[in-house]
Amino acid sequence: MSESAESFTITIRKRPWWGWTVAGLWLLAELLFVQTAVGSMREGEGRAAMISWIVAAVLLAAGLVAWLRPQRTHKQANAQS
Amino acid sequence: MIGKSNRTGRRAFLKGGGLVAAGGALSSIGALMPAGKPEVRERKHTLWIRSVDRPTLSETTPNYTRFSGRNMFALYPELKAQHDGEGSLEAEQKSAEKRSAQEMNERKPGFTLADRQLGSGAWTLMHNTKPGVGLLSWTRISVRTPTELGTQRHSAPPEEMANLVKSAARLYGAGLVGISPMKEAYVNLKQPGDDPHEPAKDVVFAEVDVPAVTETQHVIPKKMKWVVTIAIPMDIDLLSRTPTTLGEAATALGYSRSVFVVASLAEFIRGLGYEAIPMVNDTAQSVPFAMEAGIGELSRLNKLVTPEFGPAVRLCKVFTDMPMACDKPIDFGVVDFCKHCKKCAEACPSHALSFDDEPSFKTVGVWNNPGHKAWFEDSYKCLQYWQKSGTSCAVCLTSCPYTKGDQAWIHEGVKAVASIAPAVDPILKTMDDAFGYGKERAPEEWWTKDGSSGRRG
């Protein structure tokens with residue numbers, strides 16, 4: 001987002017196709033581990049449930065960091081090079 | 001600026017992703033809801049359960065013959081005399097009973113009076129019937145025949161007849177049902193009675209119209225060319241409390257349910273105008289018939305492993321002359337998995353299971369029927385542990401990686417991977433250990449646990 005005296009300019013950058021694919025896979029993996037954790041709890045498998053919750057939490061954190069981390073603009077990239 | 005095509009693509013993707021997420025979320029909510037009606041599973045035609053022409057581990061040699069049918073309990077005093085040179089089943093049972101009384105008085109978890117009597121209640125049906133008598137009668141009990149009802153016996157194409165029988169069996173409580181052709185080689189030569197000192201009766205095939213149980217023989221009509229084999233799922237959570245008297249209730253209930261299912265199914269078949277012989281462990285070998293009927297595969301346990309319930313099933317069967325379409329054997333990778341796994345052999349407290357990498361024709365004792373390939377078990381050690389622990393153990397059943405609850409989807413996926421890619425079997429076994437599956441659960445917690453936890457069967 002850039003700013004002048006009278007206006008803001010918001011740039012919505014396009015994510016590449018593979019970015020969306022990775023995001024989709026991440027969502028599926030997240031769902032699988034959450035379901036495994038919930039299912040394992042219902043099965044009375046405490047250790048399996050705990051491991052699944054931990055994997056789901058780590059995956060969630062990693063996914064959010066990857067998704068939300070600021071990306072360099074073309075200008076920044078060009079300036080660096 | 002965002003181009004139109006890009007916008008549409010992303011919207012479609014998000015829509016698809018949203019649907020997947022919504023579906024997953026709904027399913028997750030479904031997993032959180034309490035279990036509803038009792039489980040009845042229709043075998044799905046999945047990619048990982050392959051139909052085959054012959055059961056895996058079905059290799060036989062010319063010395064494969066009908067098994068004597070002498071049961072282990074009858075054999076035990078004789079075996080003990082051979083093995084140890086002293087002692088008897090009666091003496092051991094007496095000492096086990098004394099120990100059991102002490103455990104009940106001390107309220108030892110898993111061995112209290114309530115724990116023991118839970119099993120006693122569950123045994124009721126099984127302990128009050130015997131082969132050829134009562135609910136397991138080889139002839140009609142009370143159902144009215146088609147003639148009595150003023151009609152003709154039911155007739156339909158074999159596939160339809162098979163569906164009738166399978167639907168009825170599932171209604172009565174079967175977890176899995178399969179139909180195979182009669183093979184006399186799988187039928188025992190003798191049928192031992194309750195009293196080990198009483199001579200066993202001969203089991204014979206004869207050109208007769210109705211089955212009969214006489215003073216000396218169990219007569220099976222030769223026209224009985226079909227065998228319905230049924231797997232009754234056991235309560236995995238309760239079974240996981242073994243080796244205790246509490247955990248034994250799962251075995252007891254499995255047997256009593258078997259009696260109910262085969263007795264009901266036999267009456268149903270008789271009601272359609274045909275003959276039927278219901279049986280549980282008696283009269284014939286359940287495992288080879290179950291393998292032929294596509295219910296499961298033979299495993300390192302020398303027991304059947306099913307794709308749905310693992311080895312935690314009780315098998316029972318009905319012989320009949322009702323023409324039906326037969327099922328095909330299945331292969332879902334159990335034999336390959338067992339070669340690497342060995343978890344049951346490691347867990348067995350009596351060291352009765354084989355650690356051999358490959359199955360073989362090498363038997364361990366007279367309780368094994370020679371002439372076929374298997375991982376043969378040492379039933380003597382197994383039964384000796386039963387006596388020592390005062391329970392019927394079943395640790396091998398709970399430790400098997402195929403014995404899983406049905407709440408987590410991942411189990412189905414793991415079984416599919418084991419079937420399709422045997423190369424990863426060692427990794428799957430390591431993961432199974434890491435996730436803590438197959439461990440004994442605290443018996444005292446069973447009485448206060450949430451009723452829906454992991455319950456199957």
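Residues are numbered from 1 along each chain as its sequence is written, while chains are lettered from A and ligands numbered from 1 in the order in which they are written. Because the model is predicted, local features need pLDDT of at least 70 and side-chain atom pairs count only at pLDDT 80 or more, whereas totals for chains, interfaces and linings use all residues.

**View 1. Secondary structure of chain A.** Chain A holds three helices and two strands, arranged along the sequence as β-β-α-α-α; helices (H or I, at least four residues) and strands (E, at least two) are DSSP runs, numbered from the N terminus. Of the 81 residues in chain A, 21% are buried, that is, they have 20 or more other C-beta atoms within 10 Å of their own, with C-beta atoms placed from the backbone.

**View 2. Packing of helices α2 and α11 of chain B.** Helix α2 (residues 72-84) of chain B packs against helix α11 (residues 379-389) of chain B at an angle of about 105°, their axes lying 10 Å apart; axes are lines fitted to C-alpha atoms over the stretch in contact, and angles run from 0 to 180 degrees between N-to-C directions. The pair is therefore roughly perpendicular, a term for angles of 65 to 115 degrees. B:Met72, B:Tyr76, B:Leu79 and B:His83 of α2(B) meet B:Ser379, B:Tyr380 and B:Leu383 of α11(B), contact being counted when C-beta atoms, placed from the backbone, lie within 7 Å.

**View 3. A four-stranded sheet in chain B.** This open sheet has the strand order β3-β4-β6-β5 (chain B) with mixed pairing, where two strands pair if DSSP finds at least two bridges between them. β3 (190-191) and β5 (212-213) of chain B are the edge strands, each with a single partner strand, so one side of each has no neighbour in the sheet. Two bridges join β5(B) to strand β6 (residues 217-221) of chain B in the antiparallel sense, with B:Val213 opposite B:His218 in β6(B).

**View 4. Helix α7 of chain B.** In helix α7 (residues 245-271) of chain B, 26 of the 27 residues are buried. Just after α7(B), B:Gly273 adopts a positive phi of about 105°.

**View 5. Strand β8 of chain B and its partner β11.** From strand β8 (residues 276-279) of chain B, B:Ala276 and B:Pro278 point one way and B:Ile277 and B:Met279 the other way, and all are buried. Four bridges pair β8(B) with strand β11 (residues 313-320) of chain B in the antiparallel sense, and B:Pro278 stands opposite B:Val318 in β11(B).

Definitions and conventions. A residue is buried if 20 or more other C-beta atoms lie within 10 Å of its own, exposed if 12 or fewer, and partly exposed in between; C-beta atoms are placed from the backbone. Angles under 35 degrees count as roughly parallel, over 145 as roughly antiparallel, 65 to 115 as roughly perpendicular and the rest as oblique. Two residues are in contact if their C-beta atoms, placed from the backbone, lie within 7 Å.
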